[in-house]
Amino acid sequence: MSIDLNSDLGEGFGQWRLGDDEALLSIVTSANVACGFHAGDPVIMRRTCETAAARGVVIGAQVGYRDLAGFGRRFVDVPPVELADDVIYQIGALDAFARVAGARVRYVKPHGALYNAIVHHEAQAAAVVAAVRAYDPGLPVLGLPGSAWLRQAGRAGLTTIAECFADRAYTPEGTLVPRDVPGAVLHDPALVAERCVRMAMGEPVEAADGTPLTVTADSICVHGDSPGAVAMALEVRDALKASGIGLAPFVEESR
């Protein structure tokens, strides 16, 4: 039994640094690399891809709204055609740096507000699906179980990968509790690790209201920008291994 462990990486910009990518790339099996729209710049994108490739970590394009100031966490009512072009642009930019590093972009994961919007926003979900199909219909896509995004992607013939979140609280419906709600982000590494083991084994965890919730996923996301992210990722990894659950990417490095 194994599961993928992914993290959002490369999320600095210029002199601004966020998280410890160097350490996390020694822990995770897949890296969702920012593509320049919500974070990331050419120097950071190239360095992150080179480090990931050197360590055998699979590279994914972390695409988002054109929102550097808001870190991609603000909804943008962009027309679907423009959104599709923005996503193609981001995948292509990151894929260029991945190729230079001797690798390739192997999957696509939306970021922040875009990720949450296309849980229900049918038009924007369709735009992101169209973008991935146009760029490379062989790319798997990562998202929230039950989302419009994964449903439409599956219908369009894309390989869909469901993920769960190590350090985020869930609503009883299985969506993420908004970040501005107290308790939305979990900070206790032991609690987070225990929840991850339960989710990996298909066992229920507590939703925000205390009710049991079963989240089925093939990948666990540990946020790289959370305080103590490295310690938390280590605890999650060690807890999974101690429970007999191995770590492996959901997609091969080459195909």
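Before I show you the helices, let me say what the word handedness will mean here: a crossing of two helices is called right-handed if the near helix is turned clockwise from the far one by less than a right angle, and left-handed if the near helix is turned anticlockwise. With that in hand, and keeping in mind that this is a predicted model, we can turn to helix H5, residues 122-135, which passes helix H6, residues 148-155, in a right-handed crossing.

The axes of H5 and H6 come within 9 Å and cross at roughly 45°, which makes H5 oblique to H6. On the H5 side, the residues that meet H6 are Glu122, Ala125, Ala126, Val128, Val129 and Val132, and they face Ala148, Trp149, Arg151, Gln152 and Ala153 in H6. Sorted by class, this contact has eight nonpolar, one polar and two charged residues.

Let me move on to the charged pairs. Side chains of opposite charge can pair when their charged atoms come close, and this structure holds 12 salt bridges. One of them joins Glu163 to Lys109, with the closest N and O atoms 3.1 Å apart, and this pair links distant parts of the chain, since Glu163 lies in strand S6 and Lys109 in strand S4, 54 residues apart. Both Glu163 and Lys109 are buried, and together with Asp8 they are linked in a network of salt bridges.

Another salt bridge runs between Arg74 and Asp67, where the closest N and O atoms are 2.5 Å apart. Here Asp67 counts as buried, because its relative accessibility is 5%, whereas Arg74, with a relative accessible area of 46%, is partly exposed.

Key:
Residues are numbered from 1 along each chain as its sequence is written. This is a predicted model: local features need pLDDT of at least 70, side-chain atom pairs count only at pLDDT 80 or more; totals for chains, interfaces and linings use all residues. Side-chain values use heavy atoms; hydrogens and water are left out. Axes are lines fitted to C-alpha atoms, for helices over the stretch in contact, and angles run from 0 to 180 degrees between N-to-C directions. Helices (H or I, at least four residues) and strands (E, at least two) are DSSP runs, numbered from the N terminus. Angles under 35 degrees count as roughly parallel, over 145 as roughly antiparallel, 65 to 115 as roughly perpendicular and the rest as oblique. Contact means heavy atoms within 4.5 Å. Ala, Val, Leu, Ile, Met, Phe, Trp, Tyr, Cys and Pro count as nonpolar, Asp, Glu, Lys and Arg as charged, and the others, Gly among them, as polar. A salt bridge is a side-chain nitrogen of Lys or Arg within 4 Å of a carboxyl oxygen of Asp or Glu. Buried means under 20% relative accessible area, exposed over 50%, partly exposed in between (1.4 Å probe, protein chains only).
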